[in-house]
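Welcome to a short tour of a protein chain. Have the sequence and the 3D view ready, and follow along from one stop to the next.

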Amino acid sequence: MRGSLRRALGSARRGCFFRWLGVKVCRRSVLLVVLVWLVSWLFLNGLVFVHRNMFSDFCTDDKSKQILQRVCDDYQQGVLTGDLCEDLCVAGHVEYKRCLYYENGKKVMSANWRGVPVVLKSKLENFSSYEALALLEYQDTAGGTGVEEELSPLDVVFYATLEIKNSLGLETETNMTLPRLWGQRLKEKERTYSRAELASLWALLQQEEYIFLRVLQDLTHHVAKILGSCGHFYAVEFLAAGHAWDQHIFSLEELSLSPSPSPWSGGERMLTARDMVPRVALSFLEMVEHFENDFTHRLHLCDIKPENFAIRKDLTVVAIDVDMAFFEPKMQDILEQNCTSDNDCNFFDCVSKCDKSKNRCGSKRKNSNLQVICEKIFRSWFSPTLLGAKAGLPLQVELQRAVQECAETDGGEDAGRRRAVRQQLQDLLTELIEEDTGSRGEGREHKMRRVHTALNF
């Protein structure tokens, strides 16, 4: 009897143990399934996030063509217009070439417009993504009440001027030379402006780079020229950008294949890539002086790298990407931020000092355009490695020292110091060109052709 009882108790215990083990295994299985589901969910959401934030800006020809097709659809419906639209959408005089890059919503592609290479740009992909002109909405409301109102040329100039000033960070002043000039030109046309024209203009004025290039191209030859527009896309002259990996930064070898006209030698002669370097350097100095002195406010370049510059066939340096260019008032607003150290006051290539007693960055830039150009471009051009056998020549040694001093001298607030450093570099480069060519005055070509203008609006 007792044996039977023991066996029954043992069987019961074993049964309970197996049931307990089964529950434990079941719980582990459920936990494993939940864990696998959670990991899979995180992984899939991560893929969606990466796709939206990275691959949405992946540059493809198919997507670029679709974007341009939407522009043409809007043109056909009378939503937008521009001097480029007819050739792009109807006549077929704009030949799409390839997608260059997408970046933070900005779309950039290359094309040929009537055989001329151009770059098509827009800050945003779709025309509808831009803020609508409130004045047009007001006109719709007024029209609904039976009031007929048309915008005069001066109305267009007034609102365009306000948007330009806001974009460039310039205060409203009584000096309105440029708007008056535009107003006179518009008056001469003696016509009103359609809704599509005003909407297209407003979309363009919401793009800082367009405003910079459009305004400055009439005042300096050191920015890329805007050739036309269609809605929110604008066409800029195509110029081959520089490359950090190229020892000369620009493709000077291509320019050296054709004779270069020289007013000082009385004809054309071949220039090697090495001959071109000091001439291009002089153009950089001219650009720096132009941006610093010839406008109402200093123009600061906060992203100085080879990819943001190009050169024309006459060796003129051109700023082709000015998304990070700011006039003095806006530069001060950007720099004046909270800080705990000087590192907090670095805005790309534009830096200031941290006032630790106030924990605020100074509103004045500590370095200068010239200093950054010397550091990032001139140093590599005039380094002993690149100069080779000529590196030990007295003039080259002096030039290397001047470039080194330029790269190490802040001079942000000291205008006199900046002028002295720039003048020293200009004199040495001019002397270097004259020494290489054996002719007097060729190195002063850039200085002699300079035209001073003022940006007063």
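Aspartate 303 is partly exposed, with a relative accessible area of 22%; "partly exposed" lies between buried, which is under 20%, and exposed, which is over 50% (1.4 Å probe, protein chains only). Aspartate 303 forms a salt bridge with lysine 305, and their closest N and O atoms are 3.8 Å apart. A salt bridge here is a side-chain nitrogen of Lys or Arg within 4 Å of a carboxyl oxygen of Asp or Glu. Lysine 305 is partly exposed too, at 33% relative accessible area.

The model is predicted: local features need pLDDT of at least 70 and side-chain atom pairs count only at pLDDT 80 or more, while totals for chains, interfaces and linings use all residues. Residues are numbered from 1 along each chain as its sequence is written, and side-chain values use heavy atoms, with hydrogens and water left out.

## More charged partners

How many salt bridges does a search of the whole structure find? The search finds 16. One of them joins aspartate 218 to arginine 214, with 3.3 Å between the closest N and O atoms. Aspartate 218 is partly exposed at 45% relative accessible area, and arginine 214 is partly exposed at 27%.

Another salt bridge brings together the side chains of lysine 364 and glutamate 328 (3.9 Å, N to O). This pair links distant parts of the chain, 36 residues apart: lysine 364 sits in the loop between β15 (360-361) and α12 (369-381), and glutamate 328 is in helix α11 (residues 328-335). Lysine 364 counts as partly exposed at 41% relative accessibility, whereas glutamate 328 counts as buried at 12%.

Helix α2 covers residues 61-76. Helices (H or I, at least four residues) and strands (E, at least two) are DSSP runs, numbered from the N terminus. The expected span is 1.5 Å times one less than the number of residues.

Which residues of α2 are buried? They are Ser64, Ile67, Leu68, Val71, Cys72 and Tyr75. These residues cover an arc of only 140 degrees around the axis, so they lie on the same side of α2; the arc is taken from the directions from the helix axis to the C-beta atoms. An α-helix has 3.6 residues a turn, so residues three or four places apart point the same way. The buried residues of α2 pack against α3 (85-91), β1 (94-103), β2 (106-113), β3 (116-122), β4 (226-230) and β5 (233-237). The face turned away from the buried side carries the exposed residues Asp62 and Gln76.

## The chain as a whole

Now step back. The protein chain has 16 helices and 15 strands, and buried residues make up 45% of its 457 residues. Among its contacts (heavy atoms within 4.5 Å) with a separation of 6 or more, 66% are between residues 24 or more positions apart.
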